[in-house]
Amino acid sequence: MIPVVRFVLRLNKHMKAFAGLILLLMTVSAMTAQETADAIYYNGRVVTMWEARPTAEAVAIRGGRFLKVGSNAEVLQTAGAETKKIDLGGRTVLPGLIDSHTHPISAALSERDGPLPAFNSIADVQAYIRQRAARTPKDQVILVPKVFSPRLKERRYPTRYELDAAASDRPVIADNGYAGVVNSFLLDKLKINRDTPQPANGKIIKDDKGEPTGLILGAPQLLRDWRRERTATASELVEALKRMQQAYNRAGITSTIDRGQDAEGFRAYQELHRRGELTVRSYVTYRISGQGTPQQARAEVERIPFVTGWGDDWLRAGSLKIVMDGGILIGTAYLREPYGEHTSVYGYHDPGYRGVLAVPRENVVEIARAANELGWQMTAHVTGGGSLDVLLDAYEAADRERSIRDRRFTVTHGNFPNEQAIARAKKLGVVFDCQPMWHHLDAPVIKDVLGAERMKHFLPFRSMLDAGVVVAGGSDHMVRFDPRLATNPYHPFFGMWMAITRQTVDGSVINPEQRITRIEALRMWTLNGAYLSFEEKSKGSIEPGKLADLIVVSKDFLSCPADEIKEIEPLLTLVGGKEVYRAAVH
Ligand SMILES: [Zn+2]
């Protein structure tokens with residue numbers, strides 16, 4: 001028996017040596033294979049956002065990831081016979097951009113009947129009504145969507161009479177979902193007149209003579225049947241998503257955080273993913289109502305069959321979201337103190353009014369606790385300072401039970417973080433999803449409503465970044481395809497330009513002390529966006545091993561005149577090494 005055992009042992013030894021040799025050969029060949037790039041983009045000015053090497057000339061890509069980032073000579077070493085080589089001709093390359101707040105499906109559906117013009121004045125609203133009236137049957141309501149009075153040059157809502165001038169023989173609403181102006185025809189149909197009592201949950205605005213002006217604030221039951229939008233089929237949702245992702249690619253966006261879907265929306269994402277047709281990496285927020293008792297609110301969280309992080313590099317379950325107040329554009333953001341006397345732009349006068357807290361405080365606490373227990377990243381729409389403080393109270397309550405430090409609980413919008421809120425957020429590891437373009441479009445009006453003192457806390461990026469709070473850049477895009485005319489504009493360079501210059505729509509610069517640098521602005525749309533979705537190790541910068549998402553742009557982002565930043569256009573967009581957009585001129 002002994003020799004046999006010895007033989008087996010010897011064989012084992014030989015086999016081990018042999019296996020070792022095979023392993024060595026495999027490693028060597030893997031190393032050689034790994035060093036051969038699929039594609040090399042060289043002769044560029046690469047702004048990497050990679051700390052170890054902030055600028056480079058070239059990148060090599062293999063298997064959808066960056067293989068090498070460095071000088072032309074270093075990177076071209078990875079070329080093999082099959083490698084595709086692209087000369088960038090000195091163009092600037094940036095990491096693929098991440099928009100931390102979009103609504104791509106509803107934005108695409110807003111134009112399914114054709115382009116929707118931008119509404120910058122009451123005349124624009126009237127022109128649209130006339131145009132719709134010419135092709136819509138008389139019994140069908142004409143709904144003008146997303147009419148925000150602060151964004152109209154008149155700084156007020158149109159009156160019923162102004163709508164009548166455009167169409168008086170059919171129902172018309174100029175609407176933003178919260179406030180709606182109806183024409184005289186529809187007022188008649190609704191049987192609203194000077195004698196109509198005020199609803200408990202809103203206001204029918206009446207003029208000096210006691211006649212309704214057509215403006216109805218809140219009271220959703222009054223207009224519910226007229227606001228009802230056409231529902232979309234499952235395949236229409238998928239198609240809408242696909243088209244908007246292509247539009248995002250054209251704007252240089254390679255990843256986004258969808259800020260609110262339900263089960264139907266998640267299915268649309270899954271279907272596009274199944275077909276292999278996603279072109280924007282998507283981190284999708286699940287929205288719940290948070291209404292009812294705290295126990296009911298908790299049950300709403302517990303019913304969802306997944307938590308944050310489930311998915312892959314293309315599609316991932318994002319955060320859990322509630323909507324805690326209204327908006328600064330409609331005068332319903334929940335402030336720390338009353339709006340005051342200068343609220344004519346919103347159509348009301350109510351000096352003691354602070355806005356709407358739409359989810360009870362105790363529910364917010366219970367949702368934060370449940371989210372923390374189950375492994376969710378939580379976020380909440382909070383536009384006013386008052387609602388931000390209520391949210392931070394709830395995050396602190398959850399944190400007392402179990403640390404939320406590494407959970408990256410989020411503030412969505414958070415327009416008014418004062419020093420205390422910034423310090424509390426920093427302590428909790430709370431991150432922000434902010435919309436710099438709102439400062440550009442709305443700061444002059446909001447300043448007139450709230451006064452210069454309160455405006456100091458409006459989107460104070462310098463203070464936030466200096467305190468070490470992570471702020472991601474987003475658009476809150478919800479209507480239209482056009483990246484600059486959309487509500488809200490989602491062109492990332494338009495947003496970066498605002499954060500860099502603090503320039504507003506009327507040419508003024510408000511709170512220049514809150515300006516940030518170009519690199520900081522770029523970080524908001526790259527690494528910080530990746531941080532919000534726990535993906536900063538796989539994207540947000542151009543460095544070896546990360547996903548090969550990049551853009552080639554029309555101007556030198558770091559050195560072009562500041563005012564030209566807003567005109568920068570992507571020429572080429574790669575997601576996972578694959579070209580998803582190439583400008584015709586390139
Ligand atoms: Zn939103």
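Predicted model: local features only at pLDDT ≥ 70, side-chain atom pairs only at ≥ 80, totals over all residues.
Student: What about strand β4, is it enclosed or open?

Tutor: Strand β4 covers residues 58-62, and four of its five residues are buried, so it is largely enclosed by the rest of the structure.

Student: How does β4 pair with β1?

Tutor: Antiparallel, over three bridges, with strand β1 spanning residues 39-42. To find a spot in that pairing, look for Ala 39, which stands opposite Ile 61 in β4.

Student: And how many bridges are there between β4 and β5?

Tutor: Five, and that pairing is antiparallel too; strand β5 is residues 65-70. Ala 58 has Gly 70 in β5 as its bridge partner. The hairpin of β4 and β5 has two residues between the strands, and Gly 63 in that hairpin takes a positive phi near 60 degrees.

Student: Switching over to the open sheet of eight strands. What's the order, and is the pairing parallel or antiparallel?

Tutor: Its order is β8-β14-β15-β16-β17-β18-β19-β20, and the pairing is parallel. At the edges you find β8 (97-102) and β20 (471-473), each with a single partner strand, so each has one side left without a neighbour in the sheet. The twist in this sheet averages 25 degrees from one strand to the next.

Student: Can you zoom in on one pair? How many bridges join β18 to β19?

Tutor: Three bridges join them, and the two run parallel: β18 is residues 410-413 and β19 is residues 431-434. Within that pair, Val 411 stands opposite Phe 432 in β19.

Student: Which strands of the sheet does helix α9 touch?

Tutor: Helix α9 (residues 263-274) packs on the sheet and touches β14 (253-261), β15 (281-287) and β16 (315-323). Its direction makes about 160 degrees with that of β15.

Student: And helix α12, what does that one touch?

Tutor: Helix α12 (residues 385-401) also packs on the sheet, touching β17 (378-382), β18 and β19. The direction of α12 makes about 160 degrees with that of β17.

Student: Now helices against helices. At what angle do α10 and α11 cross?

Tutor: Roughly 30 degrees, and their axes come within 8 Å. Helix α10 is residues 294-302 and helix α11 is residues 361-374. Angles under 35 degrees count as roughly parallel, and α10 and α11 are therefore roughly parallel to each other. The crossing is right-handed.

Student: Which residues make the contact?

Tutor: On α10 they are Pro 294, Ala 297, Arg 298, Val 301 and Glu 302. On α11 they are Glu 362, Asn 363, Glu 366, Ile 367, Arg 369, Ala 370, Glu 373 and Leu 374. By type, the contact of α10 with α11 divides into six nonpolar, one polar and six charged residues.

Student: Let's do some loops. Is Ser 149 buried or exposed?

Tutor: Buried, at 0% relative accessibility. Ser 149 sits in the loop between β9 (142-144) and α5 (160-166). Leaving out residues up to four places away in sequence, Ser 149 touches Arg 155, Arg 156, Tyr 157, Leu 329, Val 345 and Tyr 346.

Student: Which residues besides glycine have a positive phi?

Tutor: Lys 191 is one of them, with a phi of about 55 degrees. Arg 502 is another, with phi near 60 degrees.

Student: Where are those two, and are they buried or exposed?

Tutor: Lys 191 is in the loop between α6 (184-189) and β12 (202-206), and at 67% relative accessibility it counts as exposed. Arg 502 is in the loop between α17 and α18 (518-524), and Arg 502 is buried, with a relative accessible area of 0%.

Student: Last one: where's the cis peptide bond?

Tutor: The bond from Thr 487 to Asn 488 is cis, with omega near -5 degrees. You'll find Asn 488 in the loop between β20 and α17 (492-501).

Methods: Residues numbered from 1 in each chain as written. Heavy atoms only, no water. Axes fitted to C-alpha atoms, helices over the stretch in contact; angles between N-to-C directions. Parallel < 35°, antiparallel > 145°, perpendicular 65-115°, else oblique. Left-handed = near helix turned anticlockwise from the far one by under 90°. Contact = heavy atoms within 4.5 Å. Nonpolar A, V, L, I, M, F, W, Y, C, P; charged D, E, K, R; others polar. Buried < 20%, exposed > 50% of the residue type's maximum accessible area, 1.4 Å probe, protein only. Pairing = 2+ DSSP bridges.
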